[in-house]
Amino acid sequence: MPFEIPLFIRSVPILLEGLTITLILSILAILLSAFWGVILLLSMRAGKFSNAFARVYIEIMRNTPIIVIMFFMFFGSGVIGFPLSGFIAGLLSLVLQNGAYVAEIYRAGIQGVSNRQTEAGLALGFMPKRTFLLIILPQAIRKVIAPLGTQGVMIIKDTAIVATISVAEMTFQARLLADRTAAVFEIFTALAIIYIVLTSIFNLGIRVIERKYGYKN
Amino acid sequence: MSIKSDLVPEIEINNISKWFGDTKVLDCVSLSVTKGEALAVIGPSGSGKTTLLRCINFLEDFQEGTIKINGEYIGYKHTTTEKNYRKRQHERDIALMRTKVGMVFQSFNLFPHMTVLKNITLGLTKILKQSVSEANETAHQLLNRVGLAGKANMLPASLSGGQQQRVAVARALAMKPKAMLFDEVTSALDPELVAEVLDVIRELIAEGMTMIIVTHEMSFARAFSHRVAFMAEGKVLELDVPEKIFENPQNPRLISFLERFHKGYQI
Amino acid sequence: MELIINSIPLLFKGLQNTIIMSLVATLLATVLGILFAFIQIFSHFFIKAVVEVLLYLIRGVPLLVLLFMMYYSLLYSGLQVDPLIGGSVVIGVYFAAFMSEVFRGGILSIAKGQWEAGYALGLRTHQVVGSILIYQALRIIGAPFINTVIMIIKGTSLVAIIGVTELTFVGRQIVERTLEPFLIFSLVALIYIVMCYSLSLLAQHLERKIGYVN
């Protein structure tokens, strides 16, 4: 089947109608996940019980497919009488799951800073908390920029799944179009290209941040 | 000199015992270092010498005994009321006591994300609450003293091992400690870089800094320390002036330890 | 509750398909992944560039979009391909991009000295790889490999959208009938969690066994 350029070009604006929602969803999900991850991290460091809860939560979220979480939220909320829109259900699911991944990234980053740095701080006479804030944390932040970038790309891609709970983002638009037209290959190629552009811009942004803050090791 | 400084040792280790699980790594160790004394600690790996050093600034906990620095307890306060006759200090007091001893580590442990200058001034500004200009001046003076005058704004990664270690010494000295603890500070250095660090330590000894040096550099210990302690299996087996230790050792384990160094090395 | 007991057999039928798809996809991803990894390490500039661009493109697109691409293309082209197979293939190719990173990392992380020691003994490339590196690489890739398999298993849930009766699809069917989304989807999640967490424990165990740090 020949690839028809005109159809390819004409599908782009229709797909871009969903771009706004894709972008808003992506940005909100990334920011809220970063924040939720901090909360989870703090509870991991807060004490035995809160650590246990956090770990169980993280393992549940890491081992469940995102679409199952979304169905749970979307259909579940409908049945109990507080129906969440697909957007909210999708956003909630993305944050709940990716917050767990992000918390693990934070934790690994902190652990990756050598114990010897802590010792050097303590030996100077810093209290443990200040040693953490002044010496460990700045080093950890530099280490986590790259993994957080990878996670961000995953979030952007996962926003496509909210199409299955009727959110009018790009993939949803593509599907609508595909159900009406025969030019499916052109449509989805265009869609794929838009996603590649999006993730590439994001990757570039991450690399700029990395260069600015000097990644260690 | 007041009478106090003659009677009260700068570092006083009283019957320290430490277990790691079932292994006893320090066995009832007692040691005193007077003001201005440079004590070298030698011994085979696993003898507990590094552990002992780390107990002095309480980087390691110990199950029995007490330690005093300049007459004040660190880690545990002696008391007649508590079960073990000692009571653990608050974090804040421990941190305060740590400012009174400076430690230099085998792997330098400089803060990689800060410049050389910042490494030295961090403790001054954040703990001693000095002004930035005051701290910077102290830091520059110290850098001069260790021979690294122009390196203030460089990052540790761009310095050689010997230079990094000298920065580490400056960082510890900045806090104006009562005593210095050197934990095998040349063991991780290339041989040609060892001398520059030992030179700095030698000058400190000449200036009268109280210190404990855990080391494998036998010729240095022989030439410049005031007393040498030989440790093995968590105990101090012999403690004497360098001449006696190296030329007329008594303890059999010390004799065999030194023999291993004699082969091919000049003492 | 009764509902749970009645649903379990149905869910397990769906689970069968999930497992089949995961196995097929993992096999495909592993084979392609090794191939891509070798190309990235050993090939000349041109082939290497093509493969690297290809892998970058695959990683930049959501899996769901690729699945739709396959589904609708097959639909309109009239080819009779079971979406289960088609889905497995797409998932396999998608995760081959990730697998190639796993294998590339494993091969590269073996210290260069090992290569040189092998060459110094007079071995040729394939002998060095076969006798020396394979064992060291396997120890290093064990954990990331399993983590990718976990991602594959979770990825199979997306084919529910194109009508394959795997675990998630069956779950949705049951919910549409019984209107108990919390219960049923929790059950579905539990099954995934049991599968994936067990694998993740295995991965953690392997990571611990590695022991040495470079």
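How far apart are the nearest C-alpha atoms of chain B and chain C, two chains that do not touch? They are 17 Å apart. Keep in mind that this is a predicted model, in which local features need pLDDT of at least 70, side-chain atom pairs count only at pLDDT 80 or more, and totals for chains, interfaces and linings use all residues. Residues are numbered from 1 along each chain as its sequence is written, while chains are lettered from A and ligands numbered from 1 in the order in which they are written.

**Who touches whom**

- Two pairs of chains touch, and chains A and C make the most contacts of the two. Two residues count as in contact if their C-beta atoms, placed from the backbone, lie within 7 Å.
- In the pairing of chain C with chain A, 31 residues of chain C meet 30 residues of chain A. On the chain C side, helix H3 (63–77), H7 and helix H8 (181–210) each bring at least two residues. H8(C) gives the most, with 10 residues.
- That side of chain C, sorted by class, has 23 nonpolar, six polar and two charged residues. Here Ala, Val, Leu, Ile, Met, Phe, Trp, Tyr, Cys and Pro count as nonpolar, Asp, Glu, Lys and Arg as charged, and the others, Gly among them, as polar.
- As for chains A and B, their contact takes 18 residues from chain A and 20 residues from chain B. Helix H6 (115–124) and helix H7 (128–158) of chain A each supply at least two residues of the chain A side. By class, the side of chain A that touches chain B comes to 10 nonpolar, three polar and five charged residues.

**Chain C, the helical one**

- Chain C has eight helices and zero strands, so its pattern along the sequence reads α-α-α-α-α-α-α-α. Helices (H or I, at least four residues) and strands (E, at least two) are DSSP runs, numbered from the N terminus.
- Buried residues account for 38% of the 214 residues in chain C. A residue is buried if 20 or more other C-beta atoms lie within 10 Å of its own, exposed if 12 or fewer, and partly exposed in between, with C-beta atoms placed from the backbone.
- Take the contacts in chain C between residues at least 6 apart in sequence: 78% of them join residues at least 24 apart.
- Helix H1 (residues 2–42) and helix H7 (residues 167–178) of chain C have axes that come within 7 Å and cross at roughly 150 degrees. Axes are lines fitted to C-alpha atoms, for helices over the stretch in contact, and angles run from 0 to 180 degrees between N-to-C directions.
- H1(C) and H7(C) are therefore roughly antiparallel; angles under 35 degrees count as roughly parallel, over 145 as roughly antiparallel, 65 to 115 as roughly perpendicular and the rest as oblique.
- Residues of H1(C) in this contact include Leu3(C), Leu10(C) and Thr18(C), and those of H7(C) include Phe169(C), Val170(C) and Ile174(C). The residues of the contact divide into eight nonpolar, five polar and one charged.

**Strands in chain B**

- Strand S1 (residues 11–20) and strand S2 (residues 23–33) of chain B pair in the antiparallel sense over seven bridges. Strands pair if DSSP finds at least two bridges between them.
- Glu12(B) sits opposite Ser32(B) in S2(B). The hairpin of S1(B) and S2(B) has two residues between the strands, and Gly21(B) takes a positive phi near 65 degrees there.
- Chain B also has an open sheet of six strands with mixed pairing, in the order S8-S9-S10-S3-S11-S12. Its edge strands are strand S8 (101–104) and strand S12 (235–240), each pairing on one side only. The twist averages 20 degrees from one strand to the next.
- Strand S3 (residues 38–42) and strand S11 (residues 227–232) of chain B pair in the parallel sense over four bridges, with Leu39(B) opposite Arg227(B) in S11(B).

- Ser166(A) has a positive phi near 65 degrees and lies in the loop between H7 and helix H8 (170–180) of chain A. With 13 other C-beta atoms within 10 Å, Ser166(A) is partly exposed.
- Phe58(B) has a positive phi near 60 degrees and lies in the loop between helix H2 (49–56) and strand S4 (64–69) of chain B. Phe58(B) counts as buried, with 22 C-beta neighbours inside 10 Å.
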